Amino acid sequence: MGDVPALDEPLKKSLGPATAKVMAEALDLHTVGDLLHHYPRRYAERGELTTLSDLPLDEHVTVVAQVADARVHTFNGSKGRGQRLEVTITDGSGRVQLVFFGKGVHKPHKDLLPGTRAMFAGKVSLFNRRLQLAHPSYELLRGESDEAVDTWAAALIPIYPATAKLESWKIAKAVDAVLPSAGDAVDPLPPALREGRGLSELPDALRMIHRPRTKADIADARERLKWDEAFVLQVALARRRHADTQLPAVARKPAPDGLLDAFDAKLPFTLTEGQQKVSKEIFDDLATEHPMHRLLQGEVGSGKTMVALRAMLAVVDSGGQAAMLAPTEVLAQQHHRSVTEMMGELAEGGMLGGAERATKVVLLTGSMGAAARRQALLDLVTGEAGIVIGTHALIEDKVRFHDLGLVVVDEQHRFGVEQRDALRGKGKQPPHLLVMTATPIPRTVAMTVFGDLETSVLDQLPAGRSPIASHVVPAADKPHFLARAWERVREEVGKGHQAYVVCPRIGDEEDQKKKAKASPEDEAEKRPPLAVLDVAEKLGAGPLAGLRIAVLHGRMHPDDKDDVMRRFAAGELDVLVATTVIEVGVNVPNATAMVIMDADRFGVSQLHQLRGRVGRGSAPGLCLLVSEMPEASPARQRLNAVATTLDGFELSRIDLEQRREGDVLGQAQSGVRSSLRVLAVIDDEEVIAAAREEATALVLADPDLTAHPGLRTALDALLSEEREEYLEKG
């Protein structure tokens, strides 16, 4: 990237080694360009005080406020050093207490006189039911000769995402040192696009976002920088789509009167309209001579597996093989069981009693015995097995296919791109790819995260699915509600049904070791998350005594896990106490109730996913979300949202609004998340859609971006090593 030496320059050259080291460690900023793209989170106005009334607990904040009063308290400390300075600051909306102890009292006592305005930075905590900042850093905003006046002479004070080691005003001073280099920034947007949409030039946008004179400056800068992020990302994805259309693939068309027709003829129900529509989209893609790349997303229980199975059968009909990749052994075994059950004698190719058009469906997981594994590998290489279902064991070098035509990946965000790529590399020509996800994704996110995949959505539930009633059980405020929850479980079992109890952790020795390294947030929670082993024991001895209870978690031996799942599916167990291993794909229609302990410790989408395990038969489902969090807490509001809607798309929007963007993109894309600083995937739908159109047109006209050197440079920066790999492989 020789074109932009100024922005590529290491920070230690302009800021000195000490500051550069903290910038690298605390904020992952290494070059002048990194720092210029570290934008202010918000702006405080000189005339307007920041609102103290809604400071978030446990977060590192920077506030601008005025000292209301300051007093020193003396107490019997060792050697007379027992002094505590309490300073109350206000902004008109609320008050916060600052506390300084011991030797640290003298300087703030001199500086922070009533009436003084300053910026304060520290971690918000609760003491005696009042908000406080202990030992905050501060920077005064007054005095003629003060440096602060120069730094904050502007009416709008930028507040940067900061850390305890690096306060916002120190970042601002560092930005001042490198801001002159903004003039060397290479513009990724083609001039025609920039002018056509009335966007500022990049150097101007960088100057305005860091040192705005007016609010209009901020709006202009953000609009321009959003376009950069959306456009560069969409060009990367458009190039991938374009490259895929250049690859050859074998067209796979189902043979008339083949396996697919035989399967459809024995289905005991008709497919929903949605399933038929989505199947047609998939079959049309399979019939072309370049690889299909399709995302199949749908509600929990909307019948994605059925759609995927029909696609696999179509490929087997055409003489190819299909592989389904599942994230866990439990799930691979579950899929194998449900596929062989759905296919019946059609899955018994080459066996006595197998239908004439049958194929073989094999399972391949890491824990299989050597003999079974050898047989499975043989069936794949000879083509005897048309369908294989497995975990990442499918990716190992030893696995060879006769003619791999389709790869189905279940729950895509749990797979590294490398793994999908390794499996795709096993075809003679690139196989078709179908990615299934059970976490419904709002359209904008799908465009940003899975922009290289065409999307099919299943939003209808098949007939015969029952509604699920969900309720929050406030265990701390109303303990009798929890007692009632266990009674409800007994009532369901009394009617011949079964129940799940889900806990956040396992509760064995390894768990304890992890607890020892617990994060500060857990410390704040005081009580560790409830554990499967403890809860199962208490339930068996207490409220659920006499019922047949078993546990299921990820550290059990695979055979034991499979045995427990089998017994539960066969109705030999009443209650399964489990971790989230049951979150996806587990299908026991007789299970009607689920109690989720410490439900506030799970994400919204995860709760929706778990809840989808009940109500899969003809009896209505019940999901109880148990939490000790107080009524007014954000955690409880999240649980109320889950309890009040069954619409997964709506919930995933709520989930995204509450979490940071990075988590969302980070789940699916190793590298791309750090590129989104001003673009919000939920709010900026229009920018993303427009950028996608512009990007697609540009790549079609100039796939190698020969005429757009600035854009190439920006892409290189976005796709540094791992990201390049990510986008190559997706």
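**Aromatic pairs and the sheet**

Analyst: Tyr-138 counts as buried, at 16% relative accessibility, where the cut-off is under 20%. Keep in mind that this is a predicted model.

User: OK, and which residue forms an aromatic pair with Tyr-138?

Analyst: Phe-100 does, in an edge-to-face arrangement, 6.4 Å centre to centre with 85 degrees between the planes. The two are 38 residues apart, with Phe-100 in strand β4 and Tyr-138 in strand β7. Phe-100 is buried too, with a relative accessible area of 3%.

User: Which residues form the aromatic cluster?

Analyst: Phe-100, Phe-120 and Tyr-138.

User: What about Tyr-500 and Phe-568, how are their rings arranged?

Analyst: That pair is tilted, because the planes are at 50 degrees, with the centres 5.1 Å apart. Tyr-500 sits in strand β17 and Phe-568 in helix α22, 68 residues apart. Relative accessibility is 0% for Tyr-500 and 0% for Phe-568, so both count as buried.

User: Switching to the sheet. What's the strand order?

Analyst: β11-β12-β10-β13-β14-β9-β15, an open sheet of seven strands with parallel pairing. β11 and β15 stand at the edges with a single partner strand each, so one side of each has no neighbour in the sheet. On average, neighbouring strands are turned by 20 degrees against each other, direction ignored.

User: And which strands does helix α12 touch?

Analyst: β9, β13, β14 and β15. The direction of α12 makes about 160 degrees with that of β15.

User: How many bridges are there between β10 and β12?

Analyst: Four, in the parallel sense. Ala-323 stands opposite Val-388 in β12.

Note on methods. Residues are numbered from 1 along each chain as its sequence is written. This is a predicted model: local features need pLDDT of at least 70, side-chain atom pairs count only at pLDDT 80 or more; totals for chains, interfaces and linings use all residues. Side-chain values use heavy atoms; hydrogens and water are left out. Two strands pair if DSSP finds at least two bridges between them. Axes are lines fitted to C-alpha atoms, for helices over the stretch in contact, and angles run from 0 to 180 degrees between N-to-C directions. Contact means heavy atoms within 4.5 Å. Rings of Phe, Tyr and Trp (its six-membered ring) pair if their centres lie within 6.5 Å; planes under 30 degrees apart count as stacked, over 60 as edge-to-face and the rest as tilted. Buried means under 20% relative accessible area, exposed over 50%, partly exposed in between (1.4 Å probe, protein chains only).
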